[in-house]
Structures are given as C-alpha cells and as structure tokens.
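Student: Please show me the structure, and then let us go through some questions about it.

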Amino acid sequence: MSTFIVLGKFSDQGLKGLMTSDADRAAIVDKAAGAAGAKMISYHITRGIYDFCVIAEGDDEETVVAMKGTAMMSGDFDQIDILSSVDVKTVREKVKSIMGAYTAPSKS
C-alpha cells in the first residue's frame, strides 16, 4: 500500500456546512475511503493555507484521484492536493543505479 497526504481547502459552501453541522467529518471521510478500497489513517482540520489534511493508504494513484474527483464534484472544495509518500531508501538505490548509466549533457 502507498501512503497519500491529502491537503485541501473548503469552498464557502463547504465551510458553511462544516461550521453549522454536527456531522463527524472524519467518519464520513473514513467511510468514503473504505468504499474506494483505501484506508484513512487520520483526518485533521488545520489552520494555515489548507483547511484540512487527510493521511490515507491505498493500492494505487487511481483510487485517491477518484476520491478527489468525487469530493470536488460536490462543490464544497476549492482545492484538493494529493502528495504521495515515497521511501527515500528506495529512491537512493534507484539514483545509484541510474548514475551508473546516465551521462550528463555537459559530459557527452
């Protein structure tokens, strides 16, 4: 499973719903993640440039993109950004493999 960090901003409509409803947003997001075959790890309302942060695990990028698309169609969000977590050890191993085969333009 891959880990995804989802950062978003509510629209005015979404913010009004969040502030005036007693709904458990974490439970709603968890249910939606499960329907998509993903697993929500945590849900946070945040201050700063983003209104919320969701950490989730899923099998593929398509799952998290489908979740984003579904949420965006509601009109309750102005922006949702998805970050994919990577294993730096694996990245370093791949860099070492590529360095042995790559020739920089200035060296060719």
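Student: Which helix gives the most to the lining of the largest pocket?

Tutor: This is a predicted model, where local features need pLDDT of at least 70, side-chain atom pairs count only at pLDDT 80 or more, and totals for chains, interfaces and linings use all residues. Residues are numbered from 1 along each chain as its sequence is written, and side-chain values use heavy atoms, with hydrogens and water left out. Helices (H or I, at least four residues) and strands (E, at least two) are DSSP runs numbered from the N terminus. With seven residues, the top contributor to that lining is helix 3.

Student: How do the residues of the lining divide into nonpolar, polar and charged?

Tutor: Ala, Val, Leu, Ile, Met, Phe, Trp, Tyr, Cys and Pro count as nonpolar, Asp, Glu, Lys and Arg as charged, and the others, Gly among them, as polar. The lining of the largest pocket divides into three charged, seven polar and 20 nonpolar.

Student: Is Met73 buried or exposed?

Tutor: Met73 lies in the loop between helix 3 (61-72) and strand 4 (77-84). Buried means under 20% relative accessible area, exposed over 50%, and partly exposed in between (1.4 Å probe, protein chains only). Because its relative accessibility is 70%, Met73 counts as exposed.

Student: With which side chain does the side chain of Ser42 make a polar contact?

Tutor: Ser42 lies in strand 2. A polar contact is a pair of N or O atoms within 3.5 Å; within protein, one must be able to donate a hydrogen and the other to accept it, and residues adjacent in sequence count only if both atoms are side-chain atoms. At 3.0 Å, the partner of the Ser42 side chain is the side chain of His44.
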